[in-house]
Amino acid sequence: MTEVVKYSIRKAFGMQDVPEKVTTFGFAPSDDPYIPSKDENYVFRKEFIREVTAFLKNPFGDALYVTGPTGSGKTSGITEIAARLFWPVQQITANGRMELTDLIGHHALVSPKPGEPPVMQFMYGPLAVAMKKGHILLINEVDLADPAELSGLNDVLEGRPLVIAQNGGEIIKPHPMFRVVVTGNSTGSGDASGLYQGVMMQNIAAMDRYRFIEVGYPDEATELGILGRVAPTLNEGIRKGMVKTANEIRKLFVGENGDDGQIGVTMSTRNLVRWAKLTLQFRGAPNTLKYALDQSLLTRTSNEEGEAILRIAKDVFGDLWR
């Protein structure tokens with residue numbers, strides 16, 4: 001069994017304003033293939049670190065539900081934390097057809113060695129593996145799942161063993177380090193905005209087993225820091241213009257003062273980083289900023305949405321937009 005060790009928040013996440021004595025725990029470094037890869041350019045947000053590491057350290061019998069708009073860093077935030085704590089992650093993305101057996105496992109014909117006749121074998125799913133080994137079970141887009149299937153997790157979330165009837169009634173007791181984290185664009189109550197297709201209202205009893213944290217888009221200073229890391233050779237004025245453009249697009253997307261949004265697409269931090277990288281890659285092309293923005297976002301927008309976004313970009317960049 002891999003050793004559980006303490007980690008300084010300050011050292012693990014580069015949070016210099018956090019006292020050295022503030023710690024969390026994870027696993028000792030290893031080459032476990034389920035430990036997520038680490039992005040050295042990732043910029044952490046202090047509040048997110050505090051909330052997630054508090055959950056990982058002591059979930060108090062809860063699962064964690066991370067909600068927020070598309071591309072705000074819900075999944076990457078969890079995997080980047082896990083990477084620095086050497087905490088393996090079993091990750092799956094939900095959909096309307098996902099069944100509980102996709103999480104638990106199923107029988108399949110498997111060849112012991114290449115060329116040998118296949119034999120029937122039970123293949124453990126991400127839930128079973130996570131419970132056995134103390135991994136994090138990460139279910140992305142959980143609000144796309146059928147609520148009846150998701151309710152099948154209730155007993156596990158209560159801390160009870162997993163009984164696999166399909167495998168002769170095998171019983172898997174939860175490892176002390178087993179954690180459940182899910183992400184979604186809604187909070188399990190459906191999507192009143194109509195912006196996210198396929199989102200379902202989840203069972204209220206199931207949602208009562210989660211603690212919720214909300215992740216918004218990073219503030220301007222944080223996004224400038226992100227662009228500074230991923231595209232350091234890009235002119236600082238260009239980077240500032242990109243961040244300002246992104247924030248203006250988001251205002252149109254979510255609406256202001258409680259009004260509905262005017263467009264159905266937004267510029268996530270993911271889009272923003274893509275725009276910056278492509279601008280560098282296609283440097284020298286006619287109107288490089290627009291050329292890169294087309295590939296990053298505009299091609300998938302309607303004509304009206306594209307025109308609205310272009311007006312924003314032209315106003316922000318002025319003479320640089322050419």
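A crossing of two helices is called left-handed if the near helix is turned anticlockwise from the far one by less than a right angle, and right-handed if clockwise. In this predicted model, local features need pLDDT of at least 70 and side-chain atom pairs count only at pLDDT 80 or more, whereas totals for chains, interfaces and linings use all residues. Residues are numbered from 1 along each chain as its sequence is written, and side-chain values use heavy atoms, with hydrogens and water left out.

The mean pLDDT, the predictor's confidence in each residue on a scale from 0 to 100, is 89 for the protein, with 93% of its residues at 70 or more.

Helix α10 (residues 236–254) passes helix α11 (residues 269–281) in a right-handed crossing. Their axes, lines fitted to C-alpha atoms over the stretch in contact, with angles from 0 to 180 degrees between N-to-C directions, lie 11 Å apart at an angle of about 145°. Contact, meaning heavy atoms within 4.5 Å, is made by M242, V243, T245, A246 and R250 of α10 with T269, L272, W275, A276 and T279 of α11. By class, this contact has six nonpolar, three polar and one charged residues, where Ala, Val, Leu, Ile, Met, Phe, Trp, Tyr, Cys and Pro count as nonpolar, Asp, Glu, Lys and Arg as charged, and the others, Gly among them, as polar.

Turning to the strands, β7 (residues 136–140) has five of its five residues buried, that is, under 20% relative accessible area, with exposed over 50% and partly exposed in between (1.4 Å probe, protein chains only). In a regular strand the side chains alternate between the two faces of the sheet.

Strand β2 (residues 23–27) is largely enclosed by the rest of the structure, because four of its five residues are buried. Five bridges join β2 to the antiparallel strand β1 (residues 4–8), and F25 is the bridge partner of K6.

Terms used. Helix = DSSP H or I, 4+ residues; strand = E, 2+ residues; numbered from the N terminus. Pairing = 2+ DSSP bridges.
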